[in-house]
Amino acid sequence: MDILRSRYQELRAKEIDIRWEVSKAVEQQKKPKEELIQWLENAYRVKKQVNNMEIAARRQSEKQLMNEIELIKDQVNQLQETSHFANELYVSYEQDDDHFLERSQVLAAPTLVGKFVELNMDKIWENLTDPNVRIITVYGTRGVGKTAIMMNINNRLATTDIFQKIFWVTVSQDFNLQNVQNDIALQLNFDLSKYEHSSRRAVRLYVKLKKINNFLIIFDDVWQPIPFEDVGIPRPNRENGCKIVLTTHVNFNCPDTKPDKIIRVNLLSKNEAWNLFASKVGDKVLTLEIFPFIRQVVNECWGLPIVIVSVGHAMRHEVNIEVWKKAVEDLRIISRKKIQQAEMVLEVLRFCYNRLKNDKVQKCFLYCAFFPEDYLFKPEELVRYWMAENFIPEGQDIIKDIGDGFYILRELQDANMLETFTKEGDEWLKMHDLFRDLAIKIMNEEPGFLVKAGLGLQSSYSSEWKDSRKISLIRNQIKTLDVFPVSCPNVSTILLHDNPISHISPSSFTRVLALQFLDMSYSWITELPPSLSELAQLRVLFLQYCTRLEKIPSLEKLKKLQVLSLCGTSITELPQGMEGLVNLKSLDMSETTKLESIPVGMISSLCRLEELRMHGSRLGKINSPSIANYLMEMRCLNCLAILTLSIVGSQDHLDSIMCLQKQKLKIFCIDMYGFDEDFIEDVVEIV
């Protein structure tokens, strides 16, 4: 092992030299040839193997360890031998069009109070404007407010010209190099998807960042050292004016990312804790009778902002003294437990969870943890998932159900369990990682939940499937879906959202016949297997933005199907058996830019349809008689509440449009175009 370490250190030194040469070449508008890129990729792969070996050495047998050491040593030796390159390894870049550099985004930052908070913000600001400080670490325990502080700093900086561009990158526990690169590229309006290998992506990103005079990258929620060179970030120095800030609760030591300044964020003082709690609990509660109990509750929050805010929200407007007495008792029991502080924090947050209005709201809270850590939800997206799981009892119409979902959303926001986050000008929601830890802990206490979202998994099936009811594999690296080796009779939900799945075995779904909710949105599939047709219990099928999907098998047997989303797919025709979906309530065919026709009578056969979305579909461009027929059939849908359309030649269809407007539609959105060319331009913009 010592020999391997020695050889690897020599290789690492050589790799650093080569990367330095590459950076200099890039500054001269040159790019490395394939031979050099391949060498850097192999060196990066060996680095990961050596790091994994160091960890595995503690639990592997000596024989296993020796075999792996020999294999890696051979790779290291081979890389050393091939590190002496010939000349002319660089070529000039083809000039590409630079996008206009957008202003730095303003985030939905919470209001901060307290002397210590102001002192920390002043320290950070002072170091950000100090030319001698390039890398800053903002350090403190989880929930102490590091993210909130940096969000406020970000917003203050965004109104100045101190930095030409500010990047906000959430890293999270499971570091993913590609995701980090994508996040930075997205904020540059730059598409990295065509570059498969990380080294190529790093070089392209490096070139883009070098063109910015000075920038700031804020890495939030860092759990391990970030390899700046592997990402493609130029090393900060006085010449380029670039700076990096990392927020973390981990005290790691790495020479490559050693900060020039460490700023520790401490707990709130007693007075600050009291002021923060009082601002959340409401004036109605601040009476002489309740006052002593409030003081005791605040003392059990340890000066930790997330706990103070969450407990304050949980007890807001509560005027019953007995409830306050019980709260003090419950919190003191937690404080007396002989558990680590991290576990104690989760127990206090569980107290807030128990204060939620009812079981329905609690289920909706837990479901947020089915998504990866730091996942950004669109508000209606989350509501739609809750509706798909029947957490929101069906009301008189779909509009009421959506409204009930937004009411629950507001409750969770008011309880501080979902945070508002602004990105690219849109409002998103995010679950704090401590609340996500709590949700997963609660779900682990009862069988049936399997949550492995955002872990980089490459295989879908595990032995845990057999006893599971709801399975989340959202945002992994699963490329194929094979037949499950055993029957999974209890599985009712499978979430495979945002996986690069390109192949599904023909009989994949024969072992999950009780499935009620299947989410394969944002995958790379071109066709769905015949076994989908056998899922007779299926109620919800999400296929939105499966942009390569062209073929869907017959849905004739799916009599219980209520929700079908085909938005953004590449289908040219609807699947067979659609006219028999008598329980279908929501059909989304928006942005189906290759859909050529709908069988006559199909729309009118969906007698329970409450939502029909067709905006941006190619169907609106087809000949006038067919459009007239579709509009006539829509007039027969007595339950319809939501309708969105795009239509060419709208003057020919005014009578039908006027009749639709007179129906009991709650949402009616129509894009009207005078000529085919107008419509085509609009579709191109949508795509």
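The side chain of Asn499 comes to 3.2 Å from the backbone oxygen of Leu496. In this predicted model, Asn499 occupies the loop that connects strand E13 (493-495) with strand E14 (503-504). A polar atom of the Asn499 side chain also lies 2.9 Å from the backbone oxygen of Leu473. With residues up to four places away in sequence set aside, Asn499 touches Leu473, Ile474, Arg475, Asn476, Gln477 and Ile478, together with Tyr522, Ser523 and Trp524. Its relative accessibility is 1%, and Asn499 therefore counts as buried.

The protein chain as a whole contains 21 helices and 21 strands. Of its 687 residues, 52% count as buried. Among contacts between residues at least 6 apart in sequence, 64% join residues at least 24 apart.

Five strands form an open sheet in the order E4-E5-E6-E3-E7, with parallel pairing. Strands E4 (165-172) and E7 (261-264) stand at the edges; each has a single partner strand, so one side of each is left without a neighbour in the sheet. From one strand to the next, the twist averages 15°. Strand E3 (residues 135-139) pairs with E7 in the parallel sense over four bridges, and Val138 has Ile263 of E7 as its bridge partner. Helix H5 (residues 146-158) lies across E3, E4, strand E5 (215-222) and strand E6 (243-248), and runs at about 165° to E4.

The loop between E4 and helix H6 (177-187) contains Asp174. At 41% relative accessibility, Asp174 counts as partly exposed. Beyond its neighbours within four places in sequence, Asp174 is in contact with Gly454 and Leu455. The C-alpha atoms of Asp174 and Leu455 are 6.5 Å apart, although the two residues are separated by 281 residues in sequence.

The model contains 23 salt bridges. In one of them, the side chains of Arg142 and Asp433 meet at 3.4 Å, N to O. This pair links distant parts of the chain, with Arg142 in the loop between E3 and H5 and Asp433 in helix H17 (residues 433-444), 291 residues apart. Asp433 counts as buried because its relative accessibility is 9%.

Helix H15 (residues 379-388) has nine of its ten residues buried, so it is largely enclosed by the rest of the structure. Among these buried residues are Arg384, Tyr385 and Trp386. Arg384 forms a salt bridge with Glu611, the closest N and O atoms being 2.8 Å apart. Here too, distant parts of the chain are linked: Arg384 belongs to helix H15 and Glu611 to strand E19 (residues 611-613), 227 residues apart. The relative accessible area is 18% for Arg384, which is therefore buried, and 2% for Glu611, which is therefore also buried. Asn390, which follows H15, has a positive phi near 65°.

A further salt bridge joins Arg350 to Glu347, with 3.9 Å between the closest N and O atoms. Both residues lie in helix H13 (residues 341-354), three residues apart, or about one turn of the helix. Arg350 and Glu347 are both buried. They also belong to a network of salt bridges that links Lys337, Glu343, Glu347, Arg350, Lys441 and Glu445.

Terms used. Residues numbered from 1 in each chain as written. Predicted model: local features only at pLDDT ≥ 70, side-chain atom pairs only at ≥ 80, totals over all residues. Heavy atoms only, no water. Pairing = 2+ DSSP bridges. Helix = DSSP H or I, 4+ residues; strand = E, 2+ residues; numbered from the N terminus. Axes fitted to C-alpha atoms, helices over the stretch in contact; angles between N-to-C directions. Contact = heavy atoms within 4.5 Å. Buried < 20%, exposed > 50% of the residue type's maximum accessible area, 1.4 Å probe, protein only. Polar contact = N/O pair within 3.5 Å; in protein donor to acceptor, adjacent residues only side chain to side chain. Salt bridge = Lys/Arg side-chain N within 4 Å of Asp/Glu carboxyl O.
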